[in-house]
Amino acid sequence: MTEPFPARADQDRLAADQRENKALAAASTVPTPLHVAESGGDLLPAAPSCLKDTGLDPDVLLDLALKLAYSCPQFDTEWATRQLCLPLSLTSELLEQLRIQKLIEVLGGAGPFTYRFRITQTGRERCEWLMSVSGYVGPAPVSLEAYTSMLLLQLPRLPNASPSGVAAALADLVLPEQTVELAGLAACSGRSLFLYGPPGNGKTSLGRLLHQTLPGKLWIPHCIAIENQVIRMYDRQCHRDAAPDVSAEVTDRYDERWVCIRRPLVLVGGELTLHDLDLIYDSGRRYYEAPLHLKANGGIFILDDFGCQQTPPNELLNRWIVPLEQRIDYLTLRTGQQIQVPFQSLLILSTNRDPHEVMAPGLLRRMGYRVRLDDPAPEDYALIFTRYARRCGVEVPAGLLDWLLVRYRSQQRPLHSCEPRDLVERARDICRYRGCRLELTEEILTLAWQGYFGNGPCEPRRESTETGRG
């Protein structure tokens, strides 16, 4: 005798099969998040061949094309193609759909396969509502999934920092071998680097120069779409364009929604707040700006003058506990929706203050590497002075450095690595003002000393360790 209904186990199995079939069917219709091509071992984003390949909901692209039409009295297909950074065939398809919906109208031909258009009154009314939601007009975005996938595909292919590269990059600094090696380990591993010590000894310079040890290029998108919200990623203040190392025939087929850049270097100082570490909404333009540490992905993010921010240092580092340990970060939209983004930059913290004053022990141990940059010894100071003077095209007369070091000792003034450069530069100013070639004499350096340290009575003192950049 057969049962009128399947047994409970069979019901569960049937339901599971149905859910799996639905998931497979849904997966077949979900846009592919990323298409890549390869040329000579280098990856590049491949141009989408259909709207599905863009990885976005077609409505997002239609809305963007309509806002583009709203921004000018009339336009043609080729202009819209350049503005949207999409292939001509896809732009034509979007414009045709807008025409069918009577949101734009054709004015006439503009060349082979191209036409002139203008927005209709119906299109204007719809676009006014769209602009109130998001005012972004520009290159078509990519999905967050595509950005994350592309970044994680590229990073393992980039060259690592090497001992020879680190030594070459830091050659202008007079540093102990162990300091150079520890800095190189941080650059190679991608772990955070904590630089501390008295001011003026090259902490900021060390962080900047480490950027030279990270060769390679990255593809990043102009912007990212989260449903109908846009996050601008590409920033000319943070990113430097780089020509992709691919053949011309492959270059013609890459996705122009992406930009090839050098690995970024982003530096912030005492102006940083917690607000700056989340998505920044521009209420005037009605779209988001990516935070600086997100723009630094694949490169270096330097937080200079750590401990001098309005936000207490422990609060700043508490914000970075998850990113430092899990290499991901969570950002929040105005709606309260949280999104997960990659955190794949080398974080460098630089401070003149005592590490235990600005950071709790639990946070301090999460720093990948810690390096103290001390005041230089007299012989190191002399070497720095001589090197910089030669770079400026002048030799240091015999006995001048001994005279200068005696002056430091007589005023009980500590030596700092930045001061040889600063004194030589002021000597250059003096010689230029007097209309003579650069030379280093006791008389010129005395005036340079007074201009640098002050021309009043000189009292023995130590530099403050609470302000100023290393």
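Colleague: Which residue with a positive phi follows α4?
Modeller: This is a predicted model, where local features need pLDDT of at least 70, side-chain atom pairs count only at pLDDT 80 or more, and totals for chains, interfaces and linings use all residues. Residues are numbered from 1 along each chain as its sequence is written, and side-chain values use heavy atoms, leaving out hydrogens and water. Helices (H or I, at least four residues) and strands (E, at least two) are DSSP runs, numbered from the N terminus. With its phi near 60°, the residue following α4 is Lys 102.

Colleague: How far apart are the end C-alpha atoms of α4?
Modeller: Helix α4 covers residues 88-100, which is 13 residues. The expected span is 1.5 Å times one less than the number of residues, so α4 should span 18 Å. The model agrees, with the end C-alpha atoms apart by 18 Å.

Colleague: What arc do the buried residues of α4 fall within?
Modeller: Buried (under 20% relative accessible area, 1.4 Å probe, protein chains only) describes Leu 90, Thr 91, Leu 94, Leu 95 and Leu 98 of α4. They line one face of the helix, because seen down the axis they fall within an arc (of directions from the axis to the C-beta atoms) of 135°.

Colleague: Which elements do those buried residues pack against?
Modeller: Contact here means heavy atoms within 4.5 Å. The partners of α4's buried residues are α2 (58-70), β3 (75-76), α3 (77-84), β4 (104-111) and β5 (114-119).

Conventions: Buried < 20%, exposed > 50% of the residue type's maximum accessible area, 1.4 Å probe, protein only.
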